Structure formats: structure tokens, C-alpha cells
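Please look over the sequence and the structure below before reading on. The report that comes after them is meant for a reader new to both.

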Amino acid sequence: MPAFHTGTGQALFSALSYRNTFEVCYNVAMKKTDPAVGLSEQEAAKREKNIIRDESKQSYKSIFLQNTFTFFNLVNFALAALVFLTGTYRNMLFMGVVISNMVIGIVQEIRAKRVLDQLALIHQEKAHVVREGRVRAIPVSEIAQGDIVVLRAGDQISCDGTIVSGGVECSEAMLTGESDAIEKRPDDQVLSGSFVIAGSARMEVDQVGEKTYIAGILKEAKRNKRYPSQLRDSLQKIIKVCTYSIVPLGLLLFGKQYYLYHDSWNEAILGTVAALIGMIPEGLVILTSIALAVSSMKLARRKVLVQELYCIETLARVDVLCCDKTGTLTKGKMKVVGTESFTNEDVVQILANMYTYLSDDNATAQAIRAYVDKKADRKPDSTVPFQSAIKCSKAAFGNTTYICGAYSFIFADPDKDVMKKIDQKAREGKRVLALAREEDGRLTLLALLFLQDILRKDARKILDYFQKQDVQIKIISGDDPLTVAAIAKEAGVAGRFIDMSRVHETDLEELVEQYDIFGRVAPEQKKEMVLALKKKKHTVAMTGDGVNDVMALKEADCSIAMGSGAQAARNTASLVLLKNQFEAMPSILKEGRCVINNIQRTASLFLVKTMFSFFLSALTLFFLSSYPFQPIQLTLVSALAVGLPGFVLTLEPDEKRVKGNFLRTVISRAVPGAVCVTLCVIVTKVIGFFVPMSEEQFSTICTILTGVCELCVLYKTCIPFTPVRKVLWLAMCIVFGCSVVFLKPVFYLAYLPLDLWLAALAEGIAIPYLLFLMYRQIEKRHRKDE
């Protein structure tokens with residue numbers, strides 16, 4: 001049974017029972033596998049595989065059902081059936097928009113699914129197993145219970161098992177937060193989620209799939225809370241209002257027209273249907289889904305896996321970004337940045353002779369090999385690879401042994417001046433190794449090697465970008481605060497730093513505001529820091545790659561995991577950088593802003609129709625004899641001034657920072673247009689008291705004026721104009737004008753005499769003045785509130 005690691009790791013597993021966390025239940029009845037031969041293909045086919053089911057993926061069936069059987073679609077189909085009964089089939093044209101929206105939504109989501117599934121397949125992890133005496137690379141999901149897995153330095157262990165030959169040193173930092181390597185020898189048990197940092201061995205698989213240690217953590221990591229999204233919440237509020245209003249309003253409208261005014265069955269149905277289809281912002285709902293699906297596809301092409309669509313919006317509103325140091329800001333690799341020699345011997349040649357033949361493959365050994373530019377000219381008689389117990393590697397050449405490792409472990413009586421130098425370098429964020437010679441029992445220091453974490457390419461540029469966008473950067477790490485501060489400074493974050501191991505929990509809320517760099521942070525503290533920032537009304541994004549980051553990732557408003565990180569971290573995160581490409585962060589932020597700004601802009605177009613339909617329904621109930629539109633007339637206005645422009649504008653680039661409350665913003669932009677349409681209907685009705693006007697002529701004038709109002713709202717929405725927006729607006733105006741002049745019979749538009757044309761013209765000229773006056777008043781109020 002693995003030893004229980006005290007310290008920072010304990011907090012992570014407090015929710016798991018002792019049995020589920022540390023006890024590996026091996027089936028003793030299972031026949032032991034020969035490490036040299038492994039399983040046969042027939043045996044492997046019969047045994048349980050290493051499959052952990054991902055319930056977050058949508059099936060084609062669920063995509064079809066979710067886009068087809070929506071409340072709005074069902075209402076529209078019901079309304080279309082009623083219109084069908086009247087025999088005026090042209091008034092069913094609104095179903096063309098509904099079906100188009102439905103098909104576009106299904107196609108876009110299927111395309112997004114295919115891109116994401118292909119991306120997941122390409123990045124599927126591989127493992128080396130022994131099958132029928134040969135080593136084969138297979139996907140980790142095909143590992144069978146009883147398989148012999150070959151472990152090598154750099155491998156992540158994906159199953160629970162027992163070492164059967166060889167020996168390795170494992171890092172369980174992603175499980176516990178403890179950085180010390182743990183030696184694993186035959187009969188020692190190994191937990192999934194660990195990394196092999198040195199050595200090689202063969203492991204017999206004891207537990208696979210849902211029974212593995214990491215699967216227990218994944219269950220704890222499941223997102224069981226509702227992530228914040230103004231966009232989603234606002235849409236649901238709009239849907240709720242429409243849901244509660246449509247049925248009673250529809251019954252009242254039909255009852256008034258059919259029973260009180262004794263309109264015909266057909267007239268009452270058409271008036272009611274026209275009012276109700278206007279209230280349904282079906283285009284807004286489908287447009288939002290399409291915009292998010294397209295955005296997820298764009299990010300997928302940049303190797304960013306979107307696991308929660310609405311996190312794209314959340315990231316656009318983030319004002320604090322918490323970055324884990326190792327694996328996020330740095331590559332998790334070391335680099336030799338200098339040496340200090342105390343001998344005339346060729347230090348580089350000594351290192352070349354040692355590390356050419358040492359089996360070490362950890363980050364330190366890789367850095368030294370990359371540093372030396374000479375070939376070995378001597379082969380050692382024997383070597384001792386790095387061991388955590390002695391903190392060094394050795395190579396013997398005759399009576400001389402060269403040792404490379406931690407100075408304080410090599411020298412029992414360390415020199416104070418050397419220790420002072422080592423401490424100074426540590427404050428600069430560097431790790432110091434000593435190269436020593438042992439001859440006739442006497443140790444001599446030959447050189448000090450200075451190593452440093454390799455900062456990710458463009459890390460400084462990326463963090464500068466976020467800071468210029470008014471996003472605060474918080475660097476969080478379990479390392480020494482001096483080291484973290486040095487790396488942070490190199491990355492362009494030069495704030496105050498603090499040792500979190502000396503901090504009391506009650507001080508967190510103030511400390512997270514006062515400091516920018518945090519060292520010695522325990523996993524539980526990471527979570528509490530995120531919660532403290534959220535209490536201060538911040539929108540928090542968190543990056544991480546280890547299981548020790550899971551709790552913080554889970555609490556963050558938007559969580560981002562590295563693709564090479566622990567499976568539990570990837571499972572919890574909203575976004576996964578599959579290539580560990582931290583440089584993709586600005587493009588993700590821009591994509592989020594583009595989506596939300598465009599939806600926020602175009603949502604007002606859709607809500608104008610919804611709002612004036614409610615206003616006019618109320619007028620019809622109490623003042624008007626009948627609803628002023630037929631369904632096909634609203635379809636004309638909606639298609640040209642709302643539907644088509646909405647889809648075009650939603651896919652346009654717009655990287656401005658997202659500000660304000662989504663619902664308040666879109667409603668304030670929609671109110672002027674809705675009020676304008678309502679006033680035009682009232683004024684036209686009043687004109688009808690003085691100028692003879694039939695119901696068909698009244699409906700025609702209302703349709704024309706509503707189109708003018710909506711086109712003016714579209715004009716306002718297109719500001720600032722781009723070439724695409726100019727062409728779009730002019731095209732919609734021309735098509736609307738041609739429809740009114742040349743397609744009167746199609747849209748049930750009546751002929752207007754000169755006096756009615758003049759009345760309509762006067763109202764049309766007044767519309768932009770009234771509309772933009774209201775916009776200016778609203779914008780002034782917004783500026784005062786800010």
C-alpha cells in the first residue's frame with residue numbers, strides 16, 4: 001500500500017475515503033502475467049479495458065433533438081398548423097426562417113463536434129505494452145487488465161499497477177502537490193496520474209478504467225456547479241417571459257377578435273399568430289448557439305478544446321488571471337544559464353563524459369546534455385543514475401569519481417561562501433548544482449552549474465497583453481516565493497510576493513488584493529484564493545496542469561488546463577490547451593470578446609420585434625380592433641432587418657473589452673426601436689380617424705413604417721461602419737424597398753393613395769430623429785452610471 005504523503009496533498013483528498021483513495025484492490029484470482037511475454041491478443045480482447053466514459057460529449061442524436069424539439073420550434077410549428085387550417089399558405093413563410101435556423105444550428109454543431117472529436121482522436125495518449133513478447137504502442141483506452149506496461153522517463157502512468165521488473169522514480173506532484181520523487185521497485189504499487197521522471201520498469205496493470213485511482217479523483221472533479229454566464233442567464237430570462245406570456249396573450253387576443261369583434265375564424269387566427277410569432281425571439285436563441293459553436297471550431301483549429309461553450313463569454317469578462325508557474329508560465333524544462341568553475345579541468349568535457357553514458361532522463365539531465373557542446377572522449381567504468389535519496393548522479397573513471405548534484409548532499413561540511421553564493425542564485429530564481437571530484441576519499445568542488453526554468457515563448461508578451469487589457473495577473477506556485485518572484489519578474493509581473501505557508505486563512509481576502517506573486521501555496525489555499533477574489537466581485541480565470549490545481553480550477557469562473565497536464569485537471573477545465581500553447585491565450589480572449597460583443601450588438605435587433613409585439617398585443621387587447629400585421633408582413637421585416645443582418649454581424653470581428661450587464665445593455669438598445677414602432681402604429685391609427693383608410697391600408701402603412709424603424713435600428717447597430725456593414729445595410733434597404741413596391745400581392749400589401757403615402761412619408765422622416773434622440777438619452781444615462 002502506498003505511503004500517505006503529509007502536507008499539501010492531504011487537503012486534496014479529504015473528500016475521498018481511505019479505501020477509495022489509497023487501497024488498490026487487486027483481483028488475486030487473476031493469473032499473473034509474464035513480464036517478458038505479456039498478454040496475447042486474444043487474452044487482451046477478453047479483459048476489461050482502460051475506458052473512462054466521457055459523458056460530456058454530445059451524440060448526433062442529442063444535437064438533432066436539442067435543436068429540433070425546442071420550446072420555440074414547437075410553438076412555431078403549432079402556429080404554422082393553425083395558419084395552414086386558414087388556407088393562407090403564404091402566411092406560413094415564417095417557417096422558412098424557423099427551419100433554416102434549425103438546420104443551420106444542427107449543421108454547425110455537428111461540424112463543431114466532428115472537429116472536436118477529430119482533435120481528441122489526434123491527441124489521444126499512447127502507452128507501450130508487451131503483447132506476445134513484443135512492445136507495442138497502443139491508445140491508453142486499449143490497455144487491458146493484466147497488461148504489462150513499459151514505463152520510461154517522461155511517461156504518465158494511466159492505470160494502477162505493480163512494478164514487476166526494473167525500477168523507476170515517480171513524481172506524484174500532480175496527485176499530492178509534493179515535489180519529492182518516490183522510488184518504485186518490484187512489488188511496489190504505482191498510481192495512475194503519476195509521472196516517471198527517471199529509470200525504466202515494467203508494470204502489471206491491476207486496475208483499469210473507472211476502478212483506477214485517478215478515476216476516483218475524476219469523479220470528485222466533475223463540474224457539479226453552474227458556471228456563471230450573463231449571456232445564458234439573460235437568454236433564459238427572455239425565454240421565461242415569453243413562455244409565461246405567449247399562451248394567455250394568444251388566448252385573449254383570439255377571444256377578443258373572434259367573440260367580441262366577431263372577426264372570422266381565419267382573421268382571428270391570422271391576427272393572433274402574427275402577434276405571437278413576433279414575440280418569439282427564436283433567431284436570437286439559435287444565433288447564440290451558432291456563434292458559440294463557430295467560435296469553438298475556430299479555437300479547435302488553434303488546438304484549444306472548448307469543454308463548456310459559455311466559458312468563451314466568461315473569459316471575455318475576466319479581470320483577474322491566476323497563473324500556475326510550473327507548466328504554465330514555464331515549460332517544465334530546465335536550462336543551464338551559466339557555470340562558475342573552481343578548477344583548470346575542462347568542466348564541459350567532464351559533463352559530456354558523464355551524461356553521455358548516464359541513464360538519467362529527468363529535466364536536469366536533459367538541460368545539461370543540451371548545454372554541453374562536446375562529444376565524450378572517455379567511457380566511465382560504472383555509473384550511478386540520479387537517486388532522490390542521495391540527490392546526485394555519479395560516474396567512475398578508474399580511481400576518480402565525478403559527482404553532479406545538490407551541493408549540501410555531496411559535501412558533509414559545506415563551505416559558507418559557497419552556500420552564500422547558492423542562496424544568492426536561489427533568490428534570482430536559479431537552481432544550483434555542484435560538480436565535484438572524489439579521489440582517494442577526498443572531495444573537491446570543480447564547478448557550480450546554474451539552471452533555470454525555461455520561460456514559455458512569448459510569456460512576457462502575453463502577460464503584458466493581459467495587463468494592458470486591465471486584467472490583473474496573479475502568479476501562484478508551490479515553489480519558494482523567491483524563485484517564483486524571479487520567474488514572475490522575467491515574465492513581466494513585478495508585484496509584491498508572499499510566502500503563503502505563513503499566512504492565516506482569515507487574512508486571504510485582503511492578501512489576494514495586496515499581492516501579485518504567491519509562493520508555497522497549498523492546493524486548498526489555491527481554491528480559497530480563487531473564492532476570495534470572487535468575493536471581491538472579480539471574474540476569475542485560473543490556469544493549471546496538476547491534480548493539485550483541480551479544486552481551484554473547479555471554483556474559477558473560467559478554468560484553463562494544459563494538454564500535457566493531469567487528466568483530472570483537463571476534465572475539470574472549461575478550456576484545454578492541447579499543445580500547452582500558452583501563447584494562444586490572447587486569441588482565446590479576443591475570440592470570446594468577438595462572440596459576446598457581436599451577440600450583444602445583434603440581440604437588440606431581435607428584441608425590438610419581441611418588445612413591440614408585446615406592446616402592440618396590449619394595444620390590440622384594449623384599444624385596437626385588430627392586430628396591425630399579418631404573419632407574412634412581419635416575416636418580411638424580420639428576414640431583411642433582423643435575421644440575415646443578425647447572422648452576418650454575429651460573425652464579424654470585434655475585440656473590444658466586454659462591459660456592462662448583458663440584459664440591461666440589449667434591452668436599452670432595443671427599447672427605442674420598439675417604442676418607435678408602437679408610436680408609428682398609434683399615430684397611423686389616429687390619422688385613420690381623419691383620412692379614410694381600410695384595414696389593409698392601415699396594415700400596409702404599419703408594415704412600411706416598421707421596416708423603416710428596424711432598418712434605422714440596423715443602421716445604429718452597424719456603427720462604426722465597415723465595408724461589409726455598408727453593403728449589408730444598403731442591400732437590406734434596397735431589397736425591402738423593392739419588396740414593398742413590386743411584391744405587394746405576395747405580402748398582402750395594399751395600394752396607397754397619395755394622401756396616405758404623404759402621411760407615411762412624414763412619419764418615416766420623423767422616425768430617425770425620434771429614434772436617435774432616444775439613443776442619445778440612453779447613452780448619456782449609461783455614461784453617468786459608469
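## Basis of the model

This is a predicted model, in which local features need pLDDT of at least 70 and side-chain atom pairs count only at pLDDT 80 or more, while totals for chains, interfaces and linings use all residues. Residues are numbered from 1 along each chain as its sequence is written, and side-chain values use heavy atoms, with hydrogens and water left out.

## The protein as a whole

The protein has 29 helices and 21 strands, which are DSSP runs numbered from the N terminus (helices H or I, at least four residues; strands E, at least two). Of its 786 residues, 54% count as buried, meaning under 20% relative accessible area with a 1.4 Å probe, protein chains only.

## Helices H24 and H26

Helix H24 (residues 585-622) packs with helix H26 (residues 662-687) at an angle of about 45°, and their axes are 7 Å apart; axes are lines fitted to C-alpha atoms over the stretch in contact, and angles run from 0 to 180 degrees between N-to-C directions. H24 and H26 are therefore oblique to each other, given that angles under 35 degrees count as roughly parallel, over 145 as roughly antiparallel, 65 to 115 as roughly perpendicular and the rest as oblique.

## Helices H18 and H24

Helix H18 (residues 459-468) also packs with H24, at an angle of about 30° and with the axes 9 Å apart, and the two are therefore roughly parallel. On the H18 side the contact (heavy atoms within 4.5 Å) is made by Ile 462, Tyr 465 and Phe 466, and on the H24 side by Met 585, Pro 586, Leu 589 and Lys 590.

Note on methods: Buried means under 20% relative accessible area, exposed over 50%, partly exposed in between (1.4 Å probe, protein chains only).
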